[in-house]
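Welcome! Please open the structure in your viewer and keep the selection tool at hand. We will walk through it one stop at a time.

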Amino acid sequence: MKQQDHQAERILIGFCVAAYFVSYITRINYGTVLLEIVNSEGITKMSASMAVTGSFVTYGIGQLISGWLGDRIKPRYLMFIGLMVSAGMNVCVPLFSRPAAMLVFWCINGFAQALMWPPMVRLLSDYLDQDTYKKSCVWVSWGSFAGTIFLYLFAPVCIVWKGWRSLFFLCAGCAVLFAFAWIKAIGSAEKRMQKGSAGSFTKATAGASRGDTGTENGTSLEENTSALQKTIPLPEKTAPMLAIIMLAIMMQGILRDGITTWMPSYISETFHLASSISILTGIALPLFGIMCSQIASLINRKLIHNELRCGMAIFAPGFVAAFLLWLMPNGNAVLSVFLSALITGCMHGVNMILVSMIPPFFKKFNRVGFISGLVNSCTYVGSAISSYGIAWIADKSGWNLVILFWTIAALCGTLLCLMGIKPWKKFVRKCV
């Protein structure tokens, strides 16, 4: 590979990491200050959580549309639109802070955010070889963890300084500035990589995944992959296998985003801590997420190559941690934060394997964007269930039943991955 291609790869990956950082700070900032919104605005947890639930629903639906568009429209343009619309919604929320208005704005924000991930997966899988793609997924995930750490550090500062509204203005400004840097840098990187040789995810799609410009046969990347789609249909029994994977991802979403959204409230109400201190304890979540995602990637690349078997191996410790938390929910604040962080860390690892590593196997069938949107949407079906469901359970029955709900979800996810091991193994054989 030419030297300029290596440089273009670094630009591509680096800007995708930064894009995921900006995406996260403009998407989960509402959940980060949810407790403060409840306390300062005098609204109930259920009313405040409706905006989070709505955004998860529109994000999940948007994933399907974004995945379809991502296979047909240049990814960098979709992501630019998503960043700009998200910035606008982040400005509107603090200006119109009634629950109904925040619900509308955050639902729009959820759809805008859906224009990020499927196009990014296609962008990376088009220009990177298999090993580099897997490594890049870990690096991109660091952007989300850095964004989460940023929010948990700056949210308490913003609350003390100018109130929770200032956090939204800060995030919106970051999104606008980055959006214009993104559209210029990625366009340049793509041109440089198309002139050189880029890797392929599978041998069968080497030409398409290189991003060939048609200098030899007069066809574009889109035309090559379209031809593959016509000649290579999906194998039989793909739908039942995908259903198992989608359900497992849904369980992961229930746990990852449910705990991320509500752990500060759980800690505050159980151990009687101030909201700013409870929010600060959430910094443990991304730290464990970084560690567990790195471990999950190493396990998948070095030890367990079957993605469903790997997912099961990571789901199981999350189940154990949830079960221990259920046994002693009121024992110790530090222990509760540790176990909660361990659960979410494991779920970030599961997300890395099931959401990031599975879609490129569908490159042979020209379904990378669609499958990426499909499986990622399942995460946010689970997230929507947990964001509203946890508020309802906590208000009606207390946190102990919430933690039992987390434990059952982790057990279901483990068993679903176990069920999918053999079907996935058979599918992968047909992709090579």
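Which residues form a positive surface patch? Select K237, R309, K422, K425, K426, R429 and K430, and you have it. Before moving on, note that this is a predicted model, where local features need pLDDT of at least 70 and side-chain atom pairs count only at pLDDT 80 or more, while totals for chains, interfaces and linings use all residues. Residues are numbered from 1 along each chain as its sequence is written, and side-chain values use heavy atoms, leaving out hydrogens and water.

**Stop one: the positive patch**

Patches are made of residues with over 30% relative accessible area and no salt bridge, with like charges joined within 9 Å and nonpolar side chains (Val, Leu, Ile, Met, Phe, Trp, Tyr) within 5 Å. Lys and Arg count as positive, Asp and Glu as negative, and His and the chain ends are not counted. Now select helix 18 (residues 399–431), which gives the largest share of this patch, five residues. Helices are DSSP runs of H or I, at least four residues long, numbered from the N terminus. R429 is found in helix 18, and it counts as exposed because its relative accessibility is 59%. The classes are buried (under 20% relative accessible area), exposed (over 50%) and partly exposed in between, using a 1.4 Å probe and protein chains only.

**Stop two: the nonpolar patch**

Next, select V320, F323, L324, L327, M328, L335 and F338: this nonpolar surface patch has about 570 Å² of accessible area together. Accessible areas come from the Shrake-Rupley method with a 1.4 Å probe, and for residues only the protein chains shown count as cover. Helix 15 (307–327) and helix 16 (333–356) each supply at least two of its residues, and the largest share, four residues, comes from helix 15. Look at F338 in helix 16; at 39% relative accessibility, F338 counts as partly exposed.

**Stop three: the salt bridges**

How many salt bridges does the structure hold? There are two, a salt bridge being a side-chain nitrogen of Lys or Arg within 4 Å of a carboxyl oxygen of Asp or Glu. Select R122 and D126, whose side chains meet at 3.0 Å, N to O. They are four residues apart in helix 7 (residues 117–127), so about one helical turn separates them. R122 is buried at 7% relative accessible area, and D126 is buried at 6%. Then select R256 and D257, which form a salt bridge with their closest N and O atoms 3.2 Å apart. Both D257 and R256 are buried.

Terms used. Charge placed at Lys NZ, Arg CZ, Asp CG, Glu CD.
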